[in-house]
Amino acid sequence: MANYLITGGAGFIGTNFCLYMVEKYQNDRFICYDALTYASNLKGIKLLKNNLNFKFIYGNICDKKKVEKVLEKEKIDVIINFAAETHVDRSLMDAKPFIKTNVEGTQILLDCAKKFNIKRFHQVSTDEVYGDLNLEDDSFVETSNLYPSNPYSASKAAADLLVLAYYRTYGLPCTISRCCNTYGPYQHQEKLIPMVIKKGLSNQQIPVYGTGKNIRDWIYVLDHCTAIDAIVRKGKPGEIYNVSGKCEYSNIEIIETILNQLKKPKDLIYYVNDRLGHDFRYSMDLNKISKELKWEAKTSLLDGLAKTIKWYQED
């Protein structure tokens with residue numbers, strides 16, 4: 001039996017991860033620790049409240065005393081850090097919350113993990129730390145240079161480097177996952193796919209940055225959760241693992257696919273000025289996680305979008 005602290009567990013990916021893990025590992029305990037910011041969603045947490053192996057604790061990762069209290073009282077073995085400010089547009093308007101949570105918060109968690117001899121610290125990161133690619137460029141590998149383009153991705157890159165430093169300097173058993181764009185149930189409507197679904201369902205105009213030809217690699221949230229599970233249980237300390245759905249589509253292709261599934265007209269789309277520092281293309285090589293951990297994504301884009309649309313229709 002192991003005791004897990006899932007920081008940011010009421011956020012989009014954290015909620016799905018809690019739902020997945022609580023059901024799969026009923027002999028382990030999962031403590032969801034979340035500050036309940038605007039992007040949190042308590043609907044998933046409420047579904048888990050009666051499970052004997054689940055507990056919710058309200059708290060901020062920047063509150064060192066509370067984190068230490070939770071680690072000691074709950075006898076935590078594993079920390080998985082989902083807690084983060086994640087929306088690029090918000091980071092362009094005000095970077096301070098991103099530095100506070102993503103950098104300082106990660107540093108506090110690392111200090112606490114070191115103090116309490118945590119058996120595994122896992123940092124949930126992003127492909128955006130690598131910057132972007134051109135169409136002809138090879139996919140990013142785990143050793144690619146970090147070249148973040150905005151305050152959000154810079155803060156996540158800084159957190160990654162802190163994690164690696166704590167592994168090298170203190171021997172803290174850490175792993176990092178860098179995942180592509182994730183979509184699915186419980187995602188806040190500021191992100192592309194839920195925004196398009198919600199606006200499409202209500203026949204509202206859908207804004208598209210620039211030409212809409214910026215390319216992202218997409219993964220359904222359950223596949224992302226299985227990857228993190230595999231890394232935490234089988235990944236080597238000190239290692240980084242790229243996680244990808246190998247599903248590259250332009251933003252406009254994603255939008256049109258959703259509108260097709262909703263049976264809505266494409267004239268809902270309108271174009272707006274491009275975002276500052278807008279990355280063109282993300283793509284990651286999967287050889288490492290595929291060979292070492294025998295992991296691969298299993299959900300196709302069409303199936304994943306259908307499941308996501310159904311959830312938002314019923315939400």
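Please keep in mind throughout that this is a predicted model.

**First stop: a pair of facing residues.** Select Ile31 and then Lys55 in S3, which stands opposite Ile31. Now widen the selection to strand S2 (residues 29–34) and strand S3 (residues 54–58), which run parallel and are paired over five bridges.

**Second stop: the whole sheet.** Select the seven strands of the open sheet, whose order is S3-S2-S1-S4-S5-S6-S10, with parallel pairing. Which strands stand at the edges? They are S3 and strand S10 (239–243); each has a single partner strand, so one side of each has no neighbour in the sheet. From one strand to the next, the twist averages 20°.

Select strand S1 (residues 3–7) and strand S4 (residues 78–81), a parallel pair joined over four bridges. Within this pair, Tyr4 is found opposite Val78 in S4. Next, bring in H8, which packs on the sheet and touches S1, S4, strand S5 (120–126), strand S6 (174–179) and S10. The direction of H8 makes about 145° with that of S5.

The structure holds 14 salt bridges. For one of them, select Arg233 and Asp28, whose side chains meet at 3.1 Å, N to O. This pair links distant parts of the chain, since its members lie 205 residues apart. Arg233 belongs to helix H8 (residues 221–234), whereas Asp28 lies in the loop between helix H1 (12–24) and S2.

Select helix H7 (residues 192–201) and helix H9 (residues 251–262). Their axes are 10 Å apart, and the helices pack at an angle of about 40°. The crossing of H7 and H9 is right-handed. To display the contact, select Leu192, Ile193, Val196, Ile197, Gly200 and Leu201 on H7, then Asn251, Ile254, Ile255, Ile258, Leu259 and Leu262 on H9. How many residues of this contact of H7 with H9 are nonpolar, polar and charged? Ten are nonpolar, two are polar and none is charged.

Methods:
Residues are numbered from 1 along each chain as its sequence is written. This is a predicted model: local features need pLDDT of at least 70, side-chain atom pairs count only at pLDDT 80 or more; totals for chains, interfaces and linings use all residues. Side-chain values use heavy atoms; hydrogens and water are left out. Axes are lines fitted to C-alpha atoms, for helices over the stretch in contact, and angles run from 0 to 180 degrees between N-to-C directions. Helices (H or I, at least four residues) and strands (E, at least two) are DSSP runs, numbered from the N terminus. A crossing is left-handed if the near helix is turned anticlockwise from the far one by less than a right angle, and right-handed if clockwise. Contact means heavy atoms within 4.5 Å. Ala, Val, Leu, Ile, Met, Phe, Trp, Tyr, Cys and Pro count as nonpolar, Asp, Glu, Lys and Arg as charged, and the others, Gly among them, as polar. Two strands pair if DSSP finds at least two bridges between them. A salt bridge is a side-chain nitrogen of Lys or Arg within 4 Å of a carboxyl oxygen of Asp or Glu.
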